[in-house]
Amino acid sequence: MDTQSIETSAAEEVSHEFRKTGVAGISESPLHPRHQTRRIMVGPVPVGGGAPISVQSMTNTKTANVGATLQQIAELTAAGCDIVRVAVPTQDDADALPRIVQQSPIPVIADIHFQSKYVFQAIDAGCAAVRVNPGNIHKFDQVGPSICQAATDAGISLRIGVNAGSLDKELYEKFGGPTPEALVASALKEARMFEDVGFHDFKISVKHHDPVTMVETYRLLASKGDWPLHLGVTEAGPAWQGTIKSCLAFGALLAEGIGDTIRVSLSAPPVEEVKVGCKILEYLGLRQRHFDIISCPSCGRSQVDVIALANAVTDGLKEITAPIRVAVMGCIVNGPGEAREADLGVASGNGKGQIFIKGKVVETVREDQIVETLLRYANDMAANMPVQEGVPQSGPVIVPVHA
C-alpha cells in the first residue's frame with residue numbers, strides 16, 4: 001500500500017482535539033515571587049501573566065514530510081511538550097502547514113526566517129503563533145506592520161528576539177559582541193517596532209550559548225518591561241553538556257521568578273529536550289511531580305552494586321509517568337530512612353533487600369530479586385492511580401495522517 005493510501009485509510013481514525021495543557025499546573029515558584037508579565041495565548045496555552053510555565057521543543061524532521069513531522073509531534077506530546085515549533089525554510093514546508101496544524105495534538109508555531117511571505121502563509125494555515133526574527137526578515141520595516149495586522153486579525157501571537165549568533169551588525173560593533181546589553185538593545189528595538197503599530201501579543205527571547213551571559217541578559221530584559229519571556233540557552237551542545245547548561249541557566253532564572261515558557265536546546269532527539277525541561281520544572285516545584293527515582297552514590301559502605309541496581313530499576317520504569325518516588329539504596333546508613341520516606345523503596349545489604357511501601361516493610365527478598373520485585377510493585381501502584389487530567393500518559397502516541 002502506498003503512502004497516500006495509508007494516509008487516506010487512517011483519516012477516519014483521528015478526531016483532532018488539542019491535548020489539554022496547564023491543567024492543575026503550578027504557576028508560582030516556592031523560591032521567589034513570579035516576575036509579573038502580560039499574558040498572551042499560543043493556541044489554548046496561556047503564556048505569561050502568572051500562567052504555568054510551558055515546555056516547548058522543535059521538530060527536527062523536514063516539515064514537508066507531514067507523516068514524520070506529526071509522528072514526532074505525537075512523541076513530544078507524550079513526553080509532556082506543551083507547544084511545538086516547526087521549521088519553515090521552503091515553500092514545500094509552508095504548504096504542509098495546514099495539514100500539520102489540523103492534526104497536531106498541541107499548538108504549532110511556525111519558525112520563519114528571511115522570507116516574510118511564509119509568515120502570512122503560516123498565519124493563513126492556522127498556526128497558533130509565528131516565530132519571526134525581524135533582524136533577518138527582508139525589509140522588515142516595511143512588512144512588519146502588515147505582519148502585525150495579519151496576526152491581530154487571526155488572533156494569534158508572535159515571538160520575537162535575537163540569538164547571539166544573529167545579532168544585528170551595528171549593535172555587534174557598538175557593544176563589541178553579543179553582550180547582555182547588545183542583546184537587550186536588539187530585543188527592545190524589535191519590541192518597539194511592534195508596539196509602535198499597536199501590537200502587543202508577543203513574547204521575547206534573548207538566547208546565548210553561555211549560561212552566565214544568558215542569565216544576565218534575561219535579568220536585564222526583565223527589568224525593562226512586562227513582556228512574556230521565552231527562556232533558552234541556544235546551541236547548548238550535546239545532551240550531557242546542554243542539560244547541565246540549561247539546568248544552570250533555567251534554575252537561576254526560574255528560581256528568581258523570571259521566565260514564562262522554556263525550550264531546552266540539545267544536540268539530541270527533541271524528546272530528550274522535553275524530558276529535561278519537564279524535570280527542571282518538577283524539581284523547582286513548578287510542575288506536578290511525575291515518576292522520580294532516588295538512589296545513593298556508589299561508595300565503600302555499599303553492600304550491593306548500587307549503580308547496576310539503580311540503572312536496572314530506572315530502565316524498567318522508564319515508561320512510568322505516575323507521581324511515584326522510588327528509592328534504591330545500598331547501605332545501612334541512609335538506606336532504611338530514604339526507603340521509608342519514598343512511596344516505594346529498597347534498603348539493600350547482606351545479599352538481600354527490604355522492600356518498603358509508604359514507610360512500612362512489606363517484604364524481604366534476595367538480592368537477585370530486588371529489581372523484579374520493585375518493578376512489580378511500582379507498576380501495580382501506577383496502574384491503581386487515577387489518571388490525572390492534563391498529564392501525558394506513558395508510551396508513544398501514533399497519529400495517523402489525513403490525506
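This is a predicted model: local features need pLDDT of at least 70, side-chain atom pairs count only at pLDDT 80 or more; totals for chains, interfaces and linings use all residues.

Author: Residues are numbered from 1 along each chain as its sequence is written, and side-chain values use heavy atoms, with hydrogens and water left out.

Reader: How many disulfides does the structure hold?

Author: A disulfide is a pair of cysteine sulfur atoms within 2.5 Å. The sulfur of C81 has its closest cysteine sulfur in C278, at 7.8 Å, which is too far for a bond. For the structure, the number of disulfides is zero.

Reader: Which residues does UniProt list for "binding site"?

Author: The listing comes from an unreviewed UniProt entry. Its positions are given in the numbering used here, feature names are shortened, and annotations may be inferred rather than shown by experiment. The residues in that record are C296, C299, C331 and E338.

Reader: Which residues is C296 in contact with, leaving aside its neighbours within four places in sequence?

Author: C296 sits in the loop between β11 (292-295) and α11 (306-316), where helices (H or I, at least four residues) and strands (E, at least two) are DSSP runs numbered from the N terminus. This cysteine counts as buried, at 15% relative accessibility. Contact means heavy atoms within 4.5 Å. Once neighbours within four places in sequence are left aside, the contacts of C296 are V306, V328, M329 and G330.

Reader: What is the relative accessible area of C331?

Author: C331 belongs to the loop between β12 (325-329) and α12 (335-341). Apart from neighbours within four places in sequence, C331 is in contact with R301, S302, P336 and S348. C331 is buried, and its relative accessible area is 7%.

Reader: How many salt bridges are there?

Author: A salt bridge is a side-chain nitrogen of Lys or Arg within 4 Å of a carboxyl oxygen of Asp or Glu. One of them joins K275 and E272, with 3.5 Å from N to O, and both residues lie in helix α10 (residues 270-283), three residues apart, or about one turn of the helix. By the salt-bridge rule, the count is 16.

Reader: How many residues apart in sequence are the parts that D292 and R325 tie together?

Author: D292 and R325 form a salt bridge whose closest N and O atoms are 3.7 Å apart. D292 lies in strand β11 and R325 in strand β12, so the pair ties together parts whose separation in sequence, in residues, is 33.

Reader: Which residues make the nonpolar surface patch of about 370 Å²?

Author: Patches are made of residues with over 30% relative accessible area and no salt bridge, like charges being joined within 9 Å and nonpolar side chains (Val, Leu, Ile, Met, Phe, Trp, Tyr) within 5 Å. I244, which lies in helix α9 (residues 239-255), is partly exposed, with a relative accessible area of 45%. The patch is made by W240, I244 and L248.

Conventions
Accessible areas come from the Shrake-Rupley method with a 1.4 Å probe; for residues, only the protein chains shown count as cover. Buried means under 20% relative accessible area, exposed over 50%, partly exposed in between (1.4 Å probe, protein chains only).
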